[in-house]
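Good morning, and thank you for coming.

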Amino acid sequence: MGNYEEEKVRGGMDRRSFFKLGGLTAGMAAFAGMAGCAPQQEMADTGGDNETVAARVPYSVFETDILIIGAGFGASYAVDAARKAGKNVIMVDKGPYGYSGAFGMSFDIMHTWDPNSPTYKSEDDIPNSGFLRDESLYRAAFMESELGDTPDVCIANFGEVWSARNEDGTPFYLYDFPNIRGIEHSMARQWSDHFRALDYVMIHDRTIITDLIIEDGRCLGAMGVHVPTGEYRVFRAKATLAATGGSTQFYGWNSTSCTSNNVCDNTGDVEMSLLRHGGKVANAEFCTYDMMGAFPRSFVASEGSMVGADSVHSGDLMDKDGNYLKDDPELAELLGSQEGVIQAACIVVDRGQGSENGGIYLDCKPESLSTMRWMYQRNAALLKEKFGFDFTEQPVEVVPEMYEHSGEMLVDENAMCIDVEGLFGVRSNTGAEGGNNNTANRRMGRYAMKKALEYIDSYEEPAAVTYESVAAEIERLEDLRTRQTDDPIRPITVRRSIQYACAQAARPSRPTEVLEEAKAELDRIMTEDVPRMACADDSLVYNADWKDAIETLNLLDLARLFVYASLERQESRASLIRPEYPETDDENWACALAYTRAEDGTLSYEKIAY
Amino acid sequence: MKITVKRYDPSKDNAPYETTYEVPHDDEYMTLLQALVYIHENEEPLAFDFSCRGRMCGRCAMMLDGKPVLACVEPLSDGSHTVEPLEGVPVVKDLIVDKSQVQARIAETYKRVRVAPLKAEDLNEYNMEHEAELFGINYCARCQVCTAGCPARAMDPEYIGPSHMLAVAFRHFDAYDQADRIVEAVQGGLWDCTMCGTCTSLCNQLEIDHLTIWQKLRDAATERGLIKQEA
């Protein structure tokens with residue numbers, strides 16, 4: 001972690017001084033300049049000395065020890081780590097709790113873990129992650145998380161039955177190798193039954209977090225909108241954990257979804273709030289792909305209705321002439337890892353042996369289908385029964401779908417954001433792996449919570465709380481909901497423009513020319529379309545346009561980070577392939593690209609060495 | 001094709017009303033979800049919820065031509081259709097319903113009851129007699145499509161309905177659960193179910209064999225003498 005410290009010294013800023021200069025003042029200036037802002041009423045004396053800036057729109061305030069933004073895999077392990085601390089926890093979930101994200105699906109997740117972990121005595125025993133990331137934090141999180149109960153026991157106590165069994169009733173491990181063991185049919189929704197029943201956990205669901213509350217370099221919580229009622233909610237906390245999912249929602253559009261099995265609720269809301277406050281967002285160029293079916297259109301890339309292949313099932317991948325990738329020596333050696341499968345698929349496409357949509361093919365004949373993960377078999381059965389569509393009749397075109405994305409805050413050795421005190425990153429340090437899988441989630445969830453608990457042990461209340469940023473954020477959101485513009489464009493239209501702009505640029509192979517084109521279009525959307533954006537509904541009740549507007553601004557920032565950072569990184573690494581720079585270049589690029597955003601949208605970055 | 005949607009913003013409208021939209025039927029494998037996305041994108045803002053696009057999250061449950069469905073996996077033929085919010089739960093706006101109370105109650109049932117936490121060695125034991133039922137119910141999306149369409153529930157709203165009854169059954173079959181789930185099943189209305197099979201015909205999780213599950217619960221209740229007395 002020495003690198004972060006070094007950078008801070010070099011930059012000459014700590015968290016506090018940074019934010020005196022940061023984005024918050026910009027928001028305040030906008031607020032102060034609003035016409036019709038009523039003079040401040042004299043407030044009743046409540047015994048406090050704080051200057052209170054009352055917003056003209058009422059909002060609710062909820063107080064807790066620990067705020068967790070997100071309510072999925074990482075958040076669950078975080079809550080589990082808090083269970084004996086006697087602290088109150090609020091979890092804010094964007095969708096209905098237990099029904100949002102990959103966590104909120106009857107989704108057949110495969111859980112993997114290192115069966116040797118209980119024998120590890122020190123961080124030196126832990127194998128390298130193999131990805132460009134902060135290895136010392138990775139090891140620290142591993143040590144903290146998995147030396148006690150292994151995940152199978154842990155998750156069974158969250159309510160799972162482990163329905164993959166041998167005939168004698170013992171667990172059936174789909175993976176059972178010396179260094180990795182994995183079990184299928186994990187249904188994380190049962191964890192939500194367990195955690196929602198805990199007395200010290202209060203859940204606010206169907207609530208979008210729109211802004212972190214940052215005063216004097218400290219995170220005092222977050223605020224957002226309860227979507228069904230339009231009520232503004234402020235969550236005041238001693239420590240805030242950001243555990244939301246990575247967002248892939250800028251990658252194309254195919255009638256019901258982008259080319260992703262990730263969910264539309266994930267729009268990078270927390271990280272983009274940090275960016276607006278002047279904080280850094282890193283690794284936005286890294287993401288993770290699977291090869292997933294491209295047809296029928298309504299199901300593109302959906303893990304719940306499509307067939308697909310990754311490193312678990314790469315043996316049936318073919319080129320357009322029916323040659324198996326596994327039979328080509330150059331390709332075969334790549335097929336053992338997730339990113340290797342993507343690299344191999346890109347080579348096939350480059351050879352002109354790919355599919356019409358820039359993908360390849362999956363042999364899905366009955367004897368192949370019957371050896372795939374059950375989640376694919378059940379999808380094929382459903383589509384055959386309900387739609388008469390038979391995956392086994394022809395090779396299936398598969399395209400790279402982006403299932404995870406980094407775009408994360410940078411944290412120190414205590415999982416605390418390097419820019420903001422009291423803000424902890426559960427979704428952090430995924431680095432070039434390109435997003436949190438459930439393994440990284442559970443480790444970082446537990447680790448971040450343990451560090452947050454240590455932090456609040458010596459917590460001192462702030463000298464003053466102004467809530468100025470709350471008032472400014474309400475102004476911003478009210479403006480998004482009610483503004484009228486000349487020649488208006490609805491938020492959904494702007495969102496689609498962003499997605500179409502990235503349809504090619506967000507693929508694994510990203511030629512400079514394609515990225516430059518996307519960059520120009522995204523910048524045009526920022527300067528031309530966003531000022532025209534206006535909702536066609538001003539209701540407070542479940543306003544779909546308002547939700548789109550809030551999310552679209554986040555997606556635009558995120559898409560720009562993705563494209564800018566991809567252009568900047570002049571090498572190929574993991575699932576990021578730059579045809580002009582095919583080699584991995586550790587000498588120049590073994591670092592995170594940490595971006596900040598100026599008020600006018602200008603992006604700049606610094607290299608933070610790993 | 002013509003899609004008539006029942007719309008309602010309780011903060012603005014006197015009453016629910018219907019709007020008909022012309023939607024191109026431009027996909028051989030068109031789904032209801034595709035049509036709703038089209039309306040929101042091209043006509044006017046429409047409130048509806050979805051997430052996974054593959055019958056796993058259960059968030060897009062609604063009524064199509066009077067039948068409860070999941071929009072994401074419901075084929076839509078060319079012609080005229082009506083779309084309404086899911087029956088039996090409060091409407092928030094347009095096609096958004098509030099399932100939070102019923103899902104919280106179901107979650108309470110799903111929460112496993114045990115005296116002490118499971119240990120590694122406990123995982124080697126499993127209720128293989130009910131393996132198929134456990135495997136199937138594990139895939140339940142808790143979407144409430146079955147409950148919205150259940151004739152027994154319509155006759156007697158006190159009956160917890162098939163979606164909630166699956167939770168009772170799951171923990172009854174789960175060898176690690178130590179509560180008396182048969183009493184819970186009978187109390188929840190096990191004998192109100194008429195074994196008509198509507199739940200199984202509406203369900204998109206092909207793994208779940210509802211009628212076998214209900215019969216197994218009935219057999220266990222009968223063995224315990226928890227039989228409904230005929231008047």
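Let me begin with a definition: helices (H or I, at least four residues) and strands (E, at least two) are DSSP runs, numbered from the N terminus. By that rule, chain B contains nine helices and seven strands.

What we have here is a predicted model, in which local features need pLDDT of at least 70 and side-chain atom pairs count only at pLDDT 80 or more, while totals for chains, interfaces and linings use all residues. Residues are numbered from 1 along each chain as its sequence is written, and chains are lettered from A and ligands numbered from 1 in the order in which they are written.

I shall stay with chain B for a moment. Its C-alpha trace spans about 55 × 45 × 35 Å along the principal axes. A residue is called buried if 20 or more other C-beta atoms lie within 10 Å of its own, exposed if 12 or fewer, and partly exposed in between, with C-beta atoms placed from the backbone. Of the 231 residues of chain B, 50% are buried. Two residues are in contact if their C-beta atoms, placed from the backbone, lie within 7 Å. Taking contacts in chain B between residues at least 6 apart in sequence, 61% join residues at least 24 apart.

We now turn to chain A and its sheets. Two strands pair if DSSP finds at least two bridges between them. In what order do the five strands of the open sheet in chain A lie? The order is 12-11-15-14-13, with antiparallel pairing. Strand 12 (308-309) and strand 13 (317-318) of chain A stand at the edges with a single partner strand each, so one side of each has no neighbour in the sheet.

Strand 11 of chain A pairs with strand 15 of chain A over seven antiparallel bridges; in one part of strand 15, Glu401(A) is the bridge partner of Asp290(A). Strand 11 of chain A also pairs with strand 12 of chain A, antiparallel, over two bridges, and there Met292(A) stands opposite Gly308(A). Seven of the seven residues of strand 11 of chain A are buried, so this strand is largely enclosed by the rest of the structure.

Strand 14 (residues 360-362) and strand 15 (residues 396-405) of chain A pair in the antiparallel sense over three bridges, with Val398(A) as the bridge partner of Ile360(A).

A second open sheet in chain A has three strands in the order 3-5-4, again with antiparallel pairing. Its edge strands are strand 3 (109-113) and strand 4 (175-176) of chain A, each pairing on one side only. Two bridges join strand 4 to strand 5 (residues 181-186) of chain A, and Tyr175(A) stands opposite Gly182(A).

Next comes the interior. A nonpolar core is a set of buried Ala, Val, Leu, Ile, Met, Phe, Trp, Tyr and Cys residues joined through C-beta atoms within 7 Å. The largest has 244 residues, and those with the most contacts inside it are Ile68(A), Ala78(A) and Leu241(A). Helix 17 (residues 544-568) of chain A gives the most to this core, with 14 residues.

Finally, confidence: pLDDT is the predictor's confidence in each residue, from 0 to 100. Chain A averages a pLDDT of 90, and 90% of its residues score at least 70. Over residues 16-41 of chain A, however, pLDDT stays under 50.
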